Amino acid sequence: MASKVNLVLDDEVRADFDELVPAGERSRFANDAIRRELTRLSRKIAIEKLAAFRRNGPKVSTAEIVQMVREDRERELRGVVL
């Protein structure tokens, strides 16, 4: 489903938009551009959360990670799902 929205564009952006994007393709262009930017923003937020967790979370050694992965795989083989 599609919805109409009103946006305010800088004069320069509007001029480039009008010049470069054909009239019949502007909605698709705007949707694609906004979708790309939202994806970029979502990834940035996720990276910031992971970085904060890494700074503030528990310190785990490589050996501990390997052990946890092994235990998880063994549970999967036994059919135990957490």
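This is a predicted model: local features need pLDDT of at least 70, side-chain atom pairs count only at pLDDT 80 or more; totals for chains, interfaces and linings use all residues.

Reader: Which side chain does arginine 14 meet in a salt bridge?
Author: That would be aspartate 18, with an N to O distance of 2.9 Å. Both residues sit in helix 1, four residues apart, or about one turn of the helix.

Reader: And how accessible is aspartate 18?
Author: Its relative accessible area is 30%, so aspartate 18 is partly exposed.

Reader: How many salt bridges are there by this rule?
Author: The count comes to seven salt bridges. In general, side chains of opposite charge can pair when their charged atoms come close.

Reader: Which residues are linked in a network of salt bridges?
Author: Glu25, Arg28, Asp32 and Arg35 are linked that way. Within that group, the side chains of arginine 35 and aspartate 32 meet at 3.5 Å, N to O.

Reader: Why are arginine 35 and aspartate 32 separated by about one helical turn?
Author: Because they are three residues apart in helix 2. As for cover, aspartate 32 is partly exposed, since its relative accessibility is 26%.

Reader: What about arginine 40, which partner does it meet in a salt bridge?
Author: Glutamate 37, at 2.6 Å from N to O. Arginine 40 is partly exposed at 41% relative accessibility, and glutamate 37 is partly exposed with a relative accessible area of 41%.

Reader: Nice. Switching to pockets: how much space lies in the largest pocket?
Author: About 540 Å³. The lining is made up of 16 residues, and those nearest the centre of the pocket are Leu7, Phe17, Arg26, Ser27 and Ala30.

Reader: Which elements give two or more residues to that lining?
Author: Helix 1, residues 11-20, and helix 2, residues 26-56. Helix 2 gives the most, with six residues.

Reader: And how does the lining of the largest pocket split by class?
Author: There are nine nonpolar, four polar and three charged residues in the lining.

Reader: Good to know. Which residues form the nonpolar patch on the surface?
Author: Val5, Leu7, Leu9, Val13, Ile34, Leu38, Leu41 and Ile45, and together they have about 710 Å² of accessible area. Helix 2 supplies the largest share of the patch, four residues. Leu7 is a link to our last topic: it belongs to this patch and is among the residues nearest the centre of the largest pocket.

Reader: Where is valine 5 found?
Author: In the segment before helix 1. With 61% relative accessibility, valine 5 counts as exposed.

Reader: How far apart in space are leucine 77 and alanine 33?
Author: They are 44 Å apart, C-alpha to C-alpha, and 44 residues apart in sequence.

Methods:
Residues are numbered from 1 along each chain as its sequence is written. Side-chain values use heavy atoms; hydrogens and water are left out. On a 1 Å grid over the protein atoms alone, a cavity is a set of points where a 1.4 Å probe fits but cannot get out, and a pocket is an open set with protein on both sides within 12 Å along at least five of seven lines; lining residues have an atom within 4 Å of a point. Grid points are joined across faces, edges and corners, and a volume is the space filled by probe spheres set on the points. Ala, Val, Leu, Ile, Met, Phe, Trp, Tyr, Cys and Pro count as nonpolar, Asp, Glu, Lys and Arg as charged, and the others, Gly among them, as polar. Patches are made of residues with over 30% relative accessible area and no salt bridge: like charges are joined within 9 Å, nonpolar side chains (Val, Leu, Ile, Met, Phe, Trp, Tyr) within 5 Å. Accessible areas come from the Shrake-Rupley method with a 1.4 Å probe; for residues, only the protein chains shown count as cover. A salt bridge is a side-chain nitrogen of Lys or Arg within 4 Å of a carboxyl oxygen of Asp or Glu. Buried means under 20% relative accessible area, exposed over 50%, partly exposed in between (1.4 Å probe, protein chains only).
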